[in-house]
Amino acid sequence: MRRNRWGALVLAAGMLASAPAFGAKDELVIGISQFPANWHPSIEAMAAKSYITEMARRPFTTYDADWKLVCMLCTDLPAEDKGTAVLETRPDGSRGFAVTYTIHPKATWGDGTPVTTKDVLFTWEVGKHPQSGFSNFDLYSRDIVGITVKDDKTFTVHRLKPLCTYAEINDFNILPAHLERPVFEADPAAYRLRSKYETDTTNPGLWFGPYRIAAVEPGAHVVLEANPTWWGPKPPFKRVVVKAVENTAALEANLLAGQLDMIPGEAGLPLDQVLAFEKRHGARYTVVYKPGLFYEHIDVNLDNPVLQDVRVRKALLMAIDREAISKQLFAGRQPVAHNQVNPLDRVHSDDIAKYPYDPVAAGKLLDEAGWTRTGNGPRRNAKGETLTLEIMSTAGNRTRELTEQVLQAQWKQAGIEVRIANEPPRVLFGQTLRERRFKAMALFAWISAPENIPRTTLHSTMIPTADNGWAGQNFTAFRDAEADRIMDDLETVCEPKASQALWTRLQQIYAEQLPALPLFFRADPHILPKWVEGIVPTGHQYATTLWIENWKVKE
Amino acid sequence: MTRFLLSRLLQAAVVLLVMSVLVTVLLGLMPGDPVDLMAAGNPHMTPADVARLKALHGLDRPLHERYLNWLSAALRGDFGHSRLYSQPVLAVLAPRLVNTLLLLGAAFVLAIAVALPLGVYAARRPHSLIDDAVNLFCFAGISIPAFWLALLLILLFAVTLGWLPASGAGPVGAAAWWERLPYFVLPVLTLTLASIGGYTRYVRASMLVELRQDYVRTARAKGLSERQVVWRHALRNAFIPVVTIVALEFGTLFSGALVTETMFAWPGMGKLIYDSIMGNDANVALVALLLATATTLAGNLMADVAYAALDPRITFRELRT
């Protein structure tokens, strides 16, 4: 009897040991620090959601790793010289572009239904419905004034204005009409809650990329499996698992324990943690730092009388050694920013005023502005008031808190007393910035796309006020008629030289006026497995996973 | 007993109603609504988008109107939808509740199961080497922050030794219950070690008082074994104050352990409550907090019933306020 029991145990152990499992190279396990709150591609933008869903979907157009506009779901990028982008005059006299796209002939939803212009029309219908809850409502309701269909695969988008970016419809996220139409038509107001993206996320018909979402454990992990209807190059893995571990120390521990293969920069670890990680474990992984379109800066409240003087703003910038901060805190991985346009952006101009670290020059500017040294304390003006300012940022963000402390110390040396008053992100962004309650300076980041016209953050019509219900994101209250005119013209002046001249002038105004103090372009650190190649970080809001079919297992 | 239970149920209903108003007001006072937070992170959103989305989510209506709408729906069994997860509130709460009950329930039972004999053992040998060792263990458990303990256990058992998984509630895909067991170990161990110290100290203190009572001396004089004196007589009386503490802890069974859940990526109630408050998901936050209140009230009720069971001198008439 005892022999039988032992035999049974050995048999059981053997069965468990031989249980089929995905081989190490068939499966990729990715760790991220946030779990998506929802799955609909057009309701509530979120970096973690984009990272995952971009393995299972493709936009019509997007920016690639070289920051060039490319076609993904379409066959060819529309252009005037190809005849697929035509300037048209509408009956009411307004002018806009008619832009023709052809859907990839093999594009198919995961349940075998072809992706057609019916899906395009349906998406537009939902997107422009005021109760659909789409985040980028403006695109569907105002920018696109009409869509005409030629056949199942070819359609023309009629755009409101003759914008230079006529070919770009990155945010037009096509929906499967055959699945979503019944849900939408039953109750448009409840669509965002009843969409199959939320109620039936693993339905193959929702996805058409190299992978489809096969399983979701809310708050924990998502499993993606190779999509049999995918028309492009064969994806490298049979399965991709994305696990969410919100605590970054625990996320790193998971990687070291072998439970994860990689941690992407889009929704992963902060830079300082990866720098320390690389020192200890860098030999086991490939660590890539990609500076991108996350513009870390200090918004200046131009209603503050002290900061209304541009000499004070220039002095603030010249009194801080951004190069040294980048070297000491970020190992030089975060390049210093001189304006809001990244040097990797095509429209970047170097022909602007720059403010290298020069405490002597900063002192002279402050003297000229009426703030003079009186002993070791902060500078004072003629009325005896001290040069005291407040800086706010997101509480709990270690990197920003460290940066603030260094800035505070450097400003102190220049005779500027700066108090730090941080707030939780929901308070800072939810009220303080939105209602412009910050007294002097606010340190945070903007994310944007390549060649993004900074209208919402710099145009004088975008200043949040009580009268307009605090709408707009020009928190500094920057007002410059020339800058306004340039931003208006940039939408429609497409000739490259003329457009570049406008971009250069806008950047010059920004550098001359300093509505914000440029700090760095944040670098996203990616920890990648040595056995995978082809992962190319993009540096902008469109994730690396849009090209997952190009990732390869090293032989 | 029936009158006692009915009166307590009535009190509970009033408390829950007051709590629902309080939580609604506090959530409403928090700066920024979810649409403002969306707009702050998305420079492409226009002022018109913001206004439209606020109207869509009902955020343009006054707080009292939103509360009354919620209350009338809740009384019909509809607790609303989660703004963050785009699902009915109960669909969001239910799986998290199960996860939390499993985790905290196991830790709770384990902590009591260890604390009881440990506290009794230490109380029987006051100021001995064993008592000192138990006290040191207790103070360490009380003092060490949960997140640090969690990280230490992960580093030791998952990273260095590779014996246990570092996080998660189970392996990816459908898994049998025994395959999920390894994922329980570290979070349960963290929670147990964090709470064992407090319970042990309560039991020890209570036992020390009881073991000095006259009835204990009488029981020994009667010739009862030490085991009978301690476990049948002294512990029963010593347990009454401990029941109070345990009953209060019972409420936390449903409110989760935020830090532990975050460290181990355990999808439980603690994390859900935190995320819903920070993300201004008012429906989820409100229902989750009311659930935590209800379980605290239930814990108190159980404590009162336990008093009557433990001490025959206490009647339900005396327990009624």
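Axes here are lines fitted to C-alpha atoms, for helices over the stretch in contact, and angles between N-to-C directions run from 0 to 180 degrees. The model shown in these views is predicted.

**View 1. Crossing of helix 13 and helix 14 in chain B**. In chain B, the axis of helix 13 (residues 269-278) comes within 8 Å of the axis of helix 14 (residues 282-310), and the two cross at roughly 140°. Helix 13 of chain B and helix 14 of chain B are therefore oblique to each other, since angles over 145 degrees would be needed to count as roughly antiparallel. The crossing in which helix 13 of chain B passes helix 14 of chain B is left-handed.

**View 2. Residues in the contact of helix 13 with helix 14 of chain B**. From helix 13 of chain B come M269(B), L272(B), I273(B), S276(B) and I277(B), which meet V284(B), A285(B), A288(B) and L289(B) of helix 14 of chain B.

**View 3. The open sheet of chain A**. In chain A, 4 strands in the order 1-10-9-8 form an open sheet whose pairing is mixed. Strand 1 (27-32) and strand 8 (211-217) of chain A each have a single partner strand and stand at the edges, so one side of each is left without a neighbour in the sheet. From one strand to the next, the twist averages 20°.

**View 4. Pairing of strand 9 with strand 10 in chain A**. Strand 9 (residues 221-226) and strand 10 (residues 239-244) of chain A run antiparallel and are joined by 5 bridges. Within this pairing, V222(A) stands opposite V242(A), which belongs to strand 10 of chain A.

Methods. Residues are numbered from 1 along each chain as its sequence is written. Chains are lettered from A and ligands numbered from 1 in the order in which they are written. This is a predicted model: local features need pLDDT of at least 70, side-chain atom pairs count only at pLDDT 80 or more; totals for chains, interfaces and linings use all residues. Two strands pair if DSSP finds at least two bridges between them. Angles under 35 degrees count as roughly parallel, over 145 as roughly antiparallel, 65 to 115 as roughly perpendicular and the rest as oblique. A crossing is left-handed if the near helix is turned anticlockwise from the far one by less than a right angle, and right-handed if clockwise. Two residues are in contact if their C-beta atoms, placed from the backbone, lie within 7 Å.
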